[in-house]
Every structure is written in structure tokens, then in C-alpha cells.
Amino acid sequence: MVDRFTGNFTQQEPIPDDAIEAAVAVLRSGRLHRYNVAGDDPGETALLEREYAEWQGATYCIALASGGQALQIAMRASGVIHGDQVLTNAFTLAPVPGAIAAVGGVPVLVEIDENLRLDLDDLEKKAQETGAKFLLLSHMRGHLCHMDRLMRIADGAGIKVIEDCAHTMGATWNGTRSGNFGVAGCFSTQTYKHMNSGEGGFLTTDDPDLAARAVILSGSYMLHQRHGAAPGPEVFAQIRLETPNMSARMDNLRAAILRPQLRGLERNVLRWNERYDAVAAGLEGNNSIRLPVRPEAETGVGSSIQFRVPGFSRDECQALVRQAGERGVELKWFGAAEPVGFTSDYRSWQYIPKQHLPRSEEVLSTLFDLRLPLTFSVEDCGVLARIISETVSGVR
Ligand SMILES: *Cc1c(COP(=O)(O)O)cnc(C)c1O
């Protein structure tokens with residue numbers, strides 16, 4: 001019987017050898033800036049854009065400095081201006097409301113349900129009440145909401161949807177990849193996401209004007225024709241003159257690290273899901289624990305797992321975090337009074353107008369979260385689940 005879990009929740013796998021070799025080649029060339037390419041060489045960043053667009057099934061892809069920059073650029077490129085209201089999830093990570101604030105938008109928070117998806121009735125209500133024309137939809141922790149219904153609501157109200165796919169790179173709804181529903185999809189390649197370049201991001205879209213604005217916003221100077229998956233010069237004729245440069249480019253070093261990882265992504269999605277299933281199977285037997293119900297139409301990426309313990313008091317939640325921690329299991333609790341680490345509570349975003357989301361608060365008050373890095377074996381995941389289940393039973 002293992003009493004203590006010894007895995008490290010923040011330890012990702014090493015960068016693959018072929019990616020390291022590609023990175024060293026870029027370093028040796030000295031040509032790190034994406035537009036600093038020799039002769040006809042498209043450069044690593046442009047090649048990555050082409051490959052990611054193809055993998056994602058999007059017409060255009062722009063490689064960027066971060067996922068947060070992808071969100072900001074997607075909003076600006078789709079027309080958000082100072083003072084615009086932007087609907088978004090009450091449960092998401094700080095860069096999402098942060099991106100809205102950065103472009104001068106005003107976040108309007110929408111409730112989530114007990115399965116951590118956007119509450120579509122509340123979305124309809126708030127869309128009507130506010131007249132907001134944008135939704136920054138965060139597929140938080142990989143939970144896709146009913147995308148057909150969501151798009152019907154958005155289309156009916158003339159709302160442009162920008163998808164935050166930081167946790168759903170590789171996930172699908174009815175066979176369509178997340179990121180391909182709205183006007184733009186935004187992805188992160190920051191260390192804790194599904195590909196790791198330290199920092200980085202992508203914006204994908206099928207709209208040529210949006211793509212051209214995003215290229216110029218990303219800081220392309222007048223070198224937009226050196227992109228890998230961008231529209232032709234005619235689309236840029238006017239846009240290049242009326243769009244500001246926000247300098248948020250990806251560089252060739254990061255792109256070199258990411259291209260081999262993209263080739264392994266599909267396999268890693270399966271590996272994450274094996275781990276998710278192992279933890280889920282171990283928790284399902286405990287009657288006090290509720291896992292989010294995953295709809296048939298959704299194929300997620302189980303790089304993290306969430307569970308609720310309905311009925312637990314604050315003291316019991318705290319005891320669970322402490323006791324699981326003593327056995328080596330790092331649980332994040334979304335009900336804590338102060339945000340800790342990467343947890344996130346909308347009440348701590350004090351730069352946005354004060355809002356009250358009773359349903360989300362109720363859900364978050366007993367919600368726990370843990371990362372499942374690929375350095376955990378499937379066996380490790382069974383041990384993890386057993387420790388959590390025993391600790392929950394012990395606290396009750
Ligand atoms: C990580 C993350 C982002 C932004 O990614 P960065 O690359 O860190 O800027 C956006 N949304 C969510 C939900 C995230 O977890």
C-alpha cells in the first residue's frame with residue numbers, strides 16, 4: 001500500500017531530442033527573429049504556422065508570443081474597441097478577463113454549471129440584457145459546452161465568438177476541433193499546456209480580413225508576406241496602413257521546439273486521456289465525489305481533472321487540501337478566500353465591474369482540480385485517485 005504520492009504535479013516531460021536539435025540549429029544560425037530568414041528559407045515560424053493551420057483545419061494561423069496575446073489580438077482583430085462589453089465565463093483563468101481589460105473591453109461574466117461549462121440560459125439572458133456583441137468563450141479545463149446550441153444563441157444575437165482553447169488544443173465537439181466554431185481560436189504553448197515552448201500561442205481563423213489584421217497587430221512591420229498561413233497581399237492593401245503594431249511575435253527558437261511536438265500531439269492526447277480515465281475510474285467509486293459529466297459529443301484532452309465534493313463545508317475543503325497535501329497530492333481548491341498559484345476566482349479580479357454569480361460561486365466552493373502531467377504513469381494515476389478517495393472519506 002502506497003501512503004504517499006511522490007509524483008511532481010508541475011513536472012512536464014523533457015523537450016524531445018529532435019526539438020532540441022532543431023532549436024540548436026536555430027541558435028547556431030543566429031537567425032532567431034522570425035523575419036530574419038536567409039534566401040528562400042521560410043523559417044521555422046512560418047513553417048509552424050502552415051503545419052498548425054493544417055492540423056487544426058483552419059485556413060489561417062498566426063504564431064504569437066503567448067496565449068494571452070492571441071486573445072487580445074483576436075478581440076482587436078474582430079472589432080472590440082474601448083468600452084465594448086465582452087461576455088465571458090465566470091470560471092476561467094486570469095489572462096482571460098485580463099485580455100479583455102487590456103483591449104479596453106468590459107467583462108460581463110456568465111455563470112457556469114456544475115459540469116464547469118458555460119450556463120447557456122444565463123448566456124442568453126445576459127446577451128439580451130447587455131446587448132454585448134462579443135463572447136470570449138473559455139473552454140476552461142477542457143470542458144466544451146454544447147457548441148451547436150451556443151453557436152445558435154450567438155448567431156441569433158449577432159455575437160462574435162472568440163474561443164479560448166488554452167485547455168482544448170486537440171479536443172473536438174462532434175468531430176469539429178475546438179477553435180473552429182467561432183470567428184477565431186486562441187491557443188497557448190506555455191509550459192503547462194499541450195505543447196511546451198515556455199511561452200507562445202496561436203490564433204487561427206478562416207476570415208481573411210481578421211487574419212490580416214492579426215498579422216499586422218502581431219508586429220509584422222511590412223513583412224506580412226513572410227507568413228506561413230496568412231492571406232495574400234491584396235487583403236493587406238489597406239489593413240496594413242490602418243492597423244497598429246502590438247509586437248507579439250513568436251520567434252524561430254520557439255517554433256523550432258514546437259514543430260516536432262506538433263507531430264507528437266495526437267499521441268499525447270491519447271496518453272492524457274488514459275491518465276484522466278485512470279483517475280476518474282478511481283474516484284467514481286466514492287459517493288461523496290462528483291466528476292463533471294462529459295457529453296458524448298465531446299472528445300477532451302485530460303491534461304487535468306476536476307471533481308466536486310458537494311456538501312463539504314469550507315473547513316472540510318481546507319482539511320481535504322491539507323490532508324491530501326500531506327500524502328503528496330497537490331489539490332487546488334477554487335473556493336479559497338484568496339487566489340493561490342494558478343487558481344482563479346472572479347471576485348479577485350477587482351479591476352472589472354463588481355458582479356455576483358451565485359451559481360458559479362456555489363459550484364466553485366467545493367471544486368478541486370489537479371494537473372495530470374505526462375510524467376505520471378497510468379499506475380501513478382490509480383494511486384492518486386486512491387489517496388484522494390481515502391482522504392475525502394476520512395474528512396467526512
Ligand atoms: C494559460 C491560459 C491562457 C493564456 O495563456 P498564456 O500563454 O499563459 O498567456 C488563457 N486561458 C486559459 C484558460 C489559460 O489557462
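This tour goes from the overall division of the chain to its core, its strands, its ligand site and a few single residues.

**Before selecting anything**

What you have open is a predicted model, in which local features need pLDDT of at least 70 and side-chain atom pairs count only at pLDDT 80 or more, while totals for chains, interfaces and linings use all residues. Residues are numbered from 1 along each chain as its sequence is written, and side-chain values use heavy atoms, with hydrogens and water left out.

**The two domains**

Begin by colouring residues 17–263 as domain 1 and residues 265–395 as domain 2, bounds that come from an automatic or database domain assignment. The C-alpha centres of these two domains lie 26 Å apart, and the contact between them (contact meaning heavy atoms within 4.5 Å) takes 41 residues from domain 1 and 35 residues from domain 2.

**The largest nonpolar core**

Next, select Tyr52, Leu87, Leu118, Leu123, Leu135, Leu150 and Phe202, which touch the most other members of the largest nonpolar core, a set of 44 residues. A nonpolar core here is a set of buried Ala, Val, Leu, Ile, Met, Phe, Trp, Tyr and Cys residues joined through side-chain atoms within 4.5 Å, and buried means under 20% relative accessible area, with exposed over 50% and partly exposed in between, using a 1.4 Å probe and protein chains only. In soluble globular proteins, nonpolar side chains tend to be buried together.

Among the elements that each supply at least two residues of this core are α2 (44–56), β3 (106–110), α5 (120–130) and α6 (147–157); helices (H or I, at least four residues) and strands (E, at least two) are DSSP runs, numbered from the N terminus. Helix α9 gives the largest share, six residues, and the core draws at least three residues from each of domain 1 and domain 2.

Move to strand β9, residues 201–205, where five of the five residues are buried. Both faces of this strand are covered, with Gly201, Leu203 and Thr205 buried on one side and Phe202 and Thr204 buried on the other.

Two strands are counted as paired if DSSP finds at least two bridges between them. Strand β1 (residues 60–64) runs antiparallel to β9 and is joined to it by five bridges, while strand β8 (residues 184–188), also antiparallel to β9, is joined to it by four.

After the helix comes Gly79, whose phi is positive, near 110 degrees.

Now show the ligand and the 16 residues around it, of which Gly67, Gly68, His167, Ser188 and Lys193 come nearest; a residue is included if one of its heavy atoms lies within 4 Å. A polar side-chain atom of Asp164 lies 2.8 Å from a nitrogen atom of the ligand. Gln190 places a polar side-chain atom 2.8 Å from a ligand oxygen atom, and Lys193 likewise has a polar side-chain atom 2.8 Å from an oxygen atom of the ligand.

**Two buried residues**

Ser218, found in helix α7 (residues 208–218), is buried with a relative accessible area of 1%. Not counting residues up to four places away in sequence, Ser218 touches Ile62, Leu64, Ile73, Ser247, Ala248 and Arg249.

Ala132 is found in the loop between α5 and β4 and is buried, with a relative accessible area of 4%. Its C-alpha atom is separated by 5.2 Å from that of Gln85, 47 residues apart along the chain.

**The three-stranded sheet**

Finish with the open sheet of order β11-β13-β12, whose pairing is antiparallel. Strands β11 (304–308) and β12 (332–333) stand at the edges with a single partner strand each, so one side of each is left without a neighbour in the sheet. Between β12 and β13 (residues 367–371) there are two bridges, and Trp333 stands opposite Phe368.

Methods:
Polar contact = N/O pair within 3.5 Å; in protein donor to acceptor, adjacent residues only side chain to side chain.
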